[in-house]
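Okay, everyone, thanks for coming. Let me put the structure up and then talk through some charged side chains.

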Amino acid sequence: MCTQSRIGSLSSLRLDRFKQVVRICLRQNNIQRLEGLEGIAETLEDLDLYDNLISHMRNLEGLPNLKSLDLSFNKIKHIKNISHMKGLKDIYLVANKISKIEGIEGLDQLVQLELGSNRIREIRNLDTLVNLEELWLAKNKITELAGLAGLPKLRLLSIQSNRISDLSPLKDAPQLEELYISHNLLTTLTGLEV
């Protein structure tokens, strides 16, 4: 763990010297590119690069055992190059510049997806995430609760601070236990009937 250390490059850390690295936490640095991870790819399970300067999700192809990926508070516009990571359980992409939910098809072990504070307008491309339990979409530009039918285990939905006016599509999420819906365009709670 090395936070607020002005690290500008993963490659400069020569991580391949460490043979059993399971977790890397380099929050609040100046890292711009995902590179230099090849030497620890086999053991790495948790990559936390929260609050850096990363704009592209590249060079993640060789991380077969990654379970948790946190690229929150970066400059990412597109979710890419992670659909091969079948073991991912948690993805955090809070406060980026993402406008579409894409590139996560087939991540059937995913339990938590955090996409709050982005530019997303539609809930889509989630139907293969059969084990998803938590979906965080607060502070986006979503107008419609759609795309929840393919999420049989969804128990938490955070959708506050969007533009939702109709809750009736929640019938497609029968396992829902927690719902965060404040700051939307709701005039009625019709659709929340038990």
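So, is Lys 75 buried, partly exposed or exposed? Lys 75 counts as partly exposed, because its relative accessibility is 40%, and the classes are buried under 20% relative accessible area, exposed over 50%, partly exposed in between (1.4 Å probe, protein chains only).

Quick caveats: this is a predicted model, where local features need pLDDT of at least 70, side-chain atom pairs count only at pLDDT 80 or more, and totals for chains, interfaces and linings use all residues. Residues are numbered from 1 along each chain as its sequence is written, and side-chain values use heavy atoms, with hydrogens and water left out.

Lys 75 sits in the loop between strand E3 (68–70) and strand E4 (90–92); strands are DSSP runs of at least two residues, numbered from the N terminus.

Now, salt bridges, meaning a side-chain nitrogen of Lys or Arg within 4 Å of a carboxyl oxygen of Asp or Glu. The count is nine. One of them pairs Asp 48 with Arg 23, at 3.7 Å from N to O. Those two are 25 residues apart, with Asp 48 in strand E2 (residues 46–48) and Arg 23 in strand E1 (residues 23–25). Asp 48 is buried because its relative accessibility is 4%, while Arg 23, at 43%, is partly exposed.

Then there's Arg 155 with Glu 134, closest N and O atoms 2.8 Å apart. Arg 155 is in the loop between strand E6 (134–136) and strand E7 (156–158), and Glu 134 is in strand E6. Glu 134 has a relative accessible area of 14%, so Glu 134 is buried.

Note on methods
Helices (H or I, at least four residues) and strands (E, at least two) are DSSP runs, numbered from the N terminus.
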